[in-house]
Amino acid sequence: MNVTLVLGAQWGDEGKGKLVDLMCKDFDIVARFQGGANAGHTIVWNGSKIVLHLIPSGILQPRTVCVIGNGVVIDPIALVSELEMLKSNGIDVENRLLISENAHLILPYHIELDKAREMSATSATIGTTGRGIGPAYTDKIARTGIKVFNILNEKKLIELINLNLQEKNKILSSVYNSGSIIPEDAINRFLDACKQIKPFITDTSYYLNEAICNKKNIMLEGAQGSLLDIDFGTYPFVTSSNPSAGGACTGASIPPNKIKRIIGITKAYCTRVGNGPFPTEQKNNIGDLLSKRGNEFGSTTGRARRCGWLDLVALNYSIMINGITDIALTKLDVLDELDDILVATKYIYNGNTTSKFPVNMSIEDKIEVEYTKLKGWKRNLAGVTEFENLPQEAKNYIKFIEEQTKTKVSFISTSPERNDTIII
């Protein structure tokens with residue numbers, strides 16, 4: 001096993017948290033490799049709902065070490081809040097959380113810039129979470145970012161913050177006319193949070209690669225989904241990082257030849273938060289049913305997710321760019337009440353039939369979807385943990401996905417509960 005990669009194969013919100021939590025009892029280390037507090041992994045734990053934004057889902061396992069890799073952008077204030085939430089739930093993180101010294105920090109001015117740009121009449125509305133993710137990655141690429149290791153030298157950290165503040169306040173006032181000047185108390189809260197996370201900082205690159213040499217089992221945990229990848233997603237309606245397999249290598253400092261298994265998580269239908277193309281979206285009673293039964297509201301923002309049928313054109317694209325070896329199918333139970341279930345197998349894009357995902361499609365492009373209709377099972381799947389106990393119609397649905405994707409469905413989630421999972 002050694003290194004296994006778990007990533008989202010759709011537009012995020014696929015249920016990665018539950019699977020990572022379930023699997024990581026067999027892993028020594030779980031490492032998050034990209035994104036920030038714009039992602040939320042929801043896990044039902046001891047009857048309570050735990051939402052993790054920055055800390056890997058493996059933290060709920062008492063012996064698992066969790067790593068926040070260099071590819072993550074970290075808001076110290078949000079991280080401290082998460083640590084306090086875990087403590088209030090009786091979850092001890094001492095000696096089990098490591099933060100890469102090479103990760104970049106999200107500062108209060110990043111959050112203000114994110115919100116100002118989204119509200120600007122001169123900018124395209126992406127549907128950002130407003131958590132400062134994009135501006136933090138912008139500074140990283142512009143080489144004006146502040147890294148986690150700067151926390152270790154408070155004097156230098158304050159110098160860098162003050163230097164950047166001059167530029168950011170000018171942008172806020174001159175470009176976005178927001179009139180926002182980052183208040184001193186916001187910076188003080190940031191500095192206080194930095195002091196609290198200081199004990200967790202280390203060189204995670206050496207830690208992870210030494211763990212590989214010592215035959216430790218490592219899981220790499222992605223946030224968002226591959227169709228939101230900055231390079232491979234439906235640009236510009238994407239995230240600011242690489243949730244795909246390539247991002248796992250750079251974001252966790254692990255060579256690609258060390259990853260032995262890549263698990264792509266997909267819902268039994270599709271959802272998307274925010275703006276951007278969504279070919280199988282159902283703005284009707286089907287979409288309403290999926291939303292209600294799937295409780296489709298963002299765990300980070302609370303925004304309602306757009307819902308639609310499973311899209312195998314998009315899924316096959318995700319399998320291709322990631323090298324996915326196994327599919328984890330989540331929320332199969334959401335389809336329990338349907339008489340018939342549609343699955344997208346081809347598009348008619350600008351008049352041409354295609355099985356290729358047109359990643360550069362715009363929301364103005366004319367896309368028709370060719371569906372295959374499958375019979376629903378009309379039975380409650382909650383509590384089913386063995387494949388043979390599924391209704392035949394549900395088995396047919398899974399077999400159809402395997403045939404169309406040429407990829408094995410190795411995990412099937414039949415309810416939000418941790419143990420209501422079929423492992424094949």
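This is a predicted model: local features need pLDDT of at least 70, side-chain atom pairs count only at pLDDT 80 or more; totals for chains, interfaces and linings use all residues.
**Figure 1. The open sheet and its edge at β9.** Ten strands form an open sheet of mixed pairing, in the order β9-β7-β5-β2-β10-β1-β11-β15-β19-β20. Strands β9 and β20 (421–423) are the edges, each pairing on one side only. Ser100 stands opposite Thr202 in β9.

**Figure 2. Helix α6 and its buried face.** Helix α6 spans residues 184–197, 14 residues in total, and reaches 20 Å from its first C-alpha to its last, close to the 20 Å expected at 1.5 Å a residue. Its buried residues are Ala186, Ile187, Phe190, Leu191, Ala193, Cys194 and Ile197. Seen down the axis of α6, these residues fall within an arc of 160 degrees, so they line one face of the helix. An α-helix has 3.6 residues a turn, so residues three or four places apart point the same way. Glu184 and Lys195 are exposed and lie on the face of α6 turned away from its buried side. The elements covering the buried residues of α6 include the helices α2 (76–88), α3 (108–119) and α5 (154–175). Strands β7 (97–100), β8 (104–105) and β9 (201–202) are also included in this cover.

**Figure 3. Helix α2 and the elements that cover its buried side.** Helix α2 has 13 residues and reaches 18 Å from its first C-alpha to its last, close to the 18 Å expected at 1.5 Å a residue. Pro76, Leu79, Val80, Glu82, Leu83 and Leu86 are buried in α2. They cover an arc of only 160 degrees around the axis, which puts them on the same side of α2. The cover over these buried residues includes strands β4 (48–52), β5 (65–68), β6 (73–74), β7 and β8, together with helix α6. Helix α2 is in turn among the elements that cover the buried residues of α6.

Figure 4. Ile43 is located in strand β3 (residues 41–45). Its relative accessibility is 2%, so Ile43 counts as buried, the cut-off being under 20%. Leaving aside residues up to four places away in sequence, Ile43 touches Gly17, Lys18, Asp21, Ser48, Lys49, Ile50, Leu52, Ser57 and Leu60. Val20 is 23 residues from Ile43 in sequence, and the two C-alpha atoms are 9.4 Å apart in space.

Figure 5. Tyr371 belongs to strand β18 (residues 367–375). At 30% relative accessibility, Tyr371 counts as partly exposed, since this class lies between the cut-offs of under 20% for buried and over 50% for exposed. Not counting residues up to four places away in sequence, Tyr371 touches Pro279, Thr280, Gln282, Trp309, Leu342, Val343 and Ala344. Tyr371 and Leu7 are 364 residues apart along the chain, and their C-alpha atoms are separated by 26 Å.

**Figure 6. The whole chain as context for the close-up views.** The protein chain has 11 helices and 20 strands. Its radius of gyration is 21 Å, close to the 22 Å that the globule rule gives for 424 residues, so the chain is as compact as a globular protein of that length. The C-alpha trace spans about 65 × 50 × 40 Å along its principal axes. Of the 424 residues, 58% are buried. Among contacts with a separation of 6 or more, 76% are accounted for by residues 24 or more positions apart. The protein chain exposes about 18,100 Å², of which carbon and sulfur atoms supply 49%.

How values were computed:
Residues are numbered from 1 along each chain as its sequence is written. Side-chain values use heavy atoms; hydrogens and water are left out. Helices (H or I, at least four residues) and strands (E, at least two) are DSSP runs, numbered from the N terminus. The expected span of a helix is 1.5 Å times one less than its number of residues. Buried means under 20% relative accessible area, exposed over 50%, partly exposed in between (1.4 Å probe, protein chains only). The arc is that of the directions from the helix axis to the C-beta atoms. Contact means heavy atoms within 4.5 Å. The radius of gyration is taken over C-alpha atoms; the globule rule is 2.2 Å times the number of residues to the power 0.38. Accessible areas come from the Shrake-Rupley method with a 1.4 Å probe; for residues, only the protein chains shown count as cover. Two strands pair if DSSP finds at least two bridges between them.
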